[in-house]
Amino acid sequence: MFVAKREDGILITLHDYNDTSLQEKIRRYKYHCPACGSEVKLKSGNIRRMHFAHLDTECRASSEAETSYHLEGKAKLLEALKINGSPELEYYIPNTSQRADVFLRTEQDFAFEFQCSSIQPSVIEQRSSSYQSESIIPVWLIGKEKLGNIQSYMKLSAFQWSFLQNHKEGASPYILSFCPRYSVFHYLYPLFGSNSLDSYIFSKTSKEWQLQPSFIKKQPPSYWKTKWLHSKKRWRYTHCLYPANQMLRNYCYSKVQIPLSLCPAVIGIPVKSSFWFQTPVIQWQAWLYFDSIYHTPIHSIIHIPSLMTRFNQRIQQAHVKVKQLPLVRFGYYTDAVMEYLEQLCITGILEKESDLVFRKAVNEKKYSTLEEATAHDKDILDRIELEL
């Protein structure tokens, strides 16, 4: 930490003490943490910046332990945010017993949390709610070191996904990262993915922080369909036989009377809000489709509230799992469901009559072989449209 309270009550910010003679002067006093009151010790060396450290335990007002990367990140973040206003290091909020890494006052107050160690999404949610109770907007940044290399297709951990955020109705959610080495912000927009961790990514960098960064519609790489079809073929031939799919496999045999490997090609198609689900795309779409669409006669209606009731039962029974995304303030997993139904309209399976009513247009094509099923997978994928 860079801020401590001297014995006489004066707050000392080490970020302001770069001169060697001043450093010697501040060593004459004892210091305490302004947040928890515990005694802190001044530390300095050739590798880490001069900082204060708690003698016994970590401060309960902070979200993580101090590392050299975290210390450097906070200092560089402070400098980067000066273009936005007058930022303050380690600002303590008494009413919530929190210490923001950097606090920015503008027309609206912002608390920046520069996170470089793993924490649970529930902790992010709790700290964010506390900030919001004080009319402070929390902004969480994952350290670039913790994010790794940024590519067009990435496997993100549950911890990394928990930094997905948006701050405006209709805004595309993004993961925000900060690199202390280059003092640059990285914005990562997930486009779509086939399972709970992987996603195609559109990324942009900026020297300036923006709460509502502009998102230019971006097409995924040209090879995505080939990669998607390869993944789905592998699922039909191998992955559907895994123990994790046993319940769905048994349901398919007993209720639908087809092997899971020969499920309709309209199950397992990309939708842009699939990031909401921990369950892979093909599994959650299979539960939804078999429960509410497969046995529906042609020209019969599909009532969305009834469909959602059945789907929510699958979630309650843990057949479908929803991700914890504590920073996505606008949007919900139902967005992915509605996007899937819209795709079914494009493929010709459904017709939309209103926001609450769809009608089944054709029966599903049944397959005799895996080769026939995979060929139809390609036909369906060629028909769908992705608005990113």
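A nonpolar core is a set of buried Ala, Val, Leu, Ile, Met, Phe, Trp, Tyr and Cys residues joined through side-chain atoms within 4.5 Å. In this predicted model, the largest such core has 96 residues, of which Phe112, Phe185, Trp209, Trp284, Phe290, Leu341 and Leu344 touch the most other members. Helix H8 gives the most to this core, with eight residues. A second, separate core of six residues includes Ala100, Phe103, Ala111 and Tyr131.

Trp284 has contacts beyond its neighbours within four places in sequence: Val271, Phe277, Thr279, Phe311, Val320, Ala336, Val337 and Tyr340.

The axes of H8 and helix H9 come within 10 Å and cross at roughly 135°, which means that H8 is oblique to H9. The crossing of H8 past H9 is right-handed. The residues that make this contact are listed by helix below.

| Helix | Residue range | Residues in the contact |
|---|---|---|
| H8 | residues 281-292 | Trp284, Trp287, Leu288, Asp291, Ser292 |
| H9 | residues 304-316 | Leu307, Arg310, Phe311, Arg314 |

By class, the contact of H8 with H9 comprises five nonpolar, one polar and three charged residues.

A further site concerns Pro213, in the loop between strand E14 (198-206) and helix H6 (224-237). Pro213 has a relative accessible area of 11% and is therefore buried, the cut-off being under 20%. Not counting residues up to four places away in sequence, Pro213 touches Tyr174, Tyr187, Tyr189 and Lys204. A separation of 9.2 Å lies between the C-alpha atoms of Pro213 and Ala171, which are 42 residues apart along the chain.

Notes: Residues numbered from 1 in each chain as written. Predicted model: local features only at pLDDT ≥ 70, side-chain atom pairs only at ≥ 80, totals over all residues. Heavy atoms only, no water. Axes fitted to C-alpha atoms, helices over the stretch in contact; angles between N-to-C directions. Helix = DSSP H or I, 4+ residues; strand = E, 2+ residues; numbered from the N terminus. Parallel < 35°, antiparallel > 145°, perpendicular 65-115°, else oblique. Left-handed = near helix turned anticlockwise from the far one by under 90°. Contact = heavy atoms within 4.5 Å. Nonpolar A, V, L, I, M, F, W, Y, C, P; charged D, E, K, R; others polar. Buried < 20%, exposed > 50% of the residue type's maximum accessible area, 1.4 Å probe, protein only.
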